[in-house]
Amino acid sequence: MTAEETLILVKPDGVARNLTGEILRRVEAKGYRIVDLKLVNADRTLLAEHYAEHEGKPFYEPLLEFMGSGPIVAVRASGNRVIEGFRALAGATDPTTAAPGTIRGDLGRDWGLAVQQNLVHGSDSTLSAERELGLWFA
Ligand code: DAT
Ligand code: MG
């Protein structure tokens with residue numbers, strides 16, 4: 001087993017709704033280890049770098065605004081295939097269609113709020129994980 005690391009963010013909606021504990025409970029219950037954790041009020045520079053791949057898309061500005069609207073819990077998590085594993089725990093991007101049993105499927109709001117309020121972020125590849133951990137845990 002080769003331990004891998006990923007960046008998990010509990011987004012401002014997750015922190016505001018007091019879901020940090022519930023979300024991290026699921027991460028730990030799966031067997032992943034929290035190796036670093038902090039509460040961050042992310043500035044625009046950090047958010048723009050984090051979401052650089054989405055620059056120019058229609059949801060980019062609302063996404064950055066939302067991500068800057070309140071504190072975020074940033075987590076460095078490690079474990080066997082944690083990158084893929086946390087994405088599976090998180091569920092599909094849109095909470096409406098995210099499968100029950102996933103964080104977004106079980107806890108994501110479904111009363112007309114924007115897709116970006118989907119509680120969590122998880123790196124999507126080894127390359128993204130390295131890049132994003134470098135940004136959030138510089
Ligand atoms: P994910 O967070 O599942 O990796 P992504 O990288 O495609 O999804 O998009 C980043 C975030 O942007 C996502 O968590 C929510 C928001 N987003 C994505 N697609 C969207 C859309 N069509 N409308 C509004 N927000 C969107
Ligand atoms: Mg993504």
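Predicted model: local features only at pLDDT ≥ 70, side-chain atom pairs only at ≥ 80, totals over all residues.
Me: Why is Lys-11 called buried?
Reply: Let's set the value against the cut-off. Lys-11 has 23 other C-beta atoms within 10 Å, and a residue is buried at 20 or more, so Lys-11 is called buried. Lys-11 lies in the loop between β1 and α1, and its contacts include Met-67, Ile-72 and His-121.

Me: And why is Phe-59 called partly exposed?
Reply: Phe-59 has 13 other C-beta atoms within 10 Å. Exposed means 12 or fewer and buried means 20 or more, so 13 falls in between and Phe-59 is partly exposed. You can find Phe-59 in the loop between α3 and α4. The unreviewed UniProt entry lists both Lys-11 and Phe-59 under "binding site".

Me: How do you know that the buried residues of α7 are on the same side?
Reply: Helix α7 spans residues 126-136, and Ala-129, Glu-132 and Trp-136 are buried there. They cover an arc of only 75° around the axis, so they sit on the same side of α7. On the other side, Thr-126, Leu-127 and Gly-134 are exposed.

Me: Which elements do the buried residues of α7 pack against?
Reply: They pack against β1, α3, β3 and α5.

Note on methods:
Residues numbered from 1 in each chain as written. Chains lettered and ligands numbered in written order. UniProt positions renumbered as here; feature names shortened; annotations may be inferred. Helix = DSSP H or I, 4+ residues; strand = E, 2+ residues; numbered from the N terminus. Contact = placed C-beta atoms within 7 Å. Arc of directions from axis to C-beta. Lists of a residue's contacts leave out its neighbours within four places in sequence.
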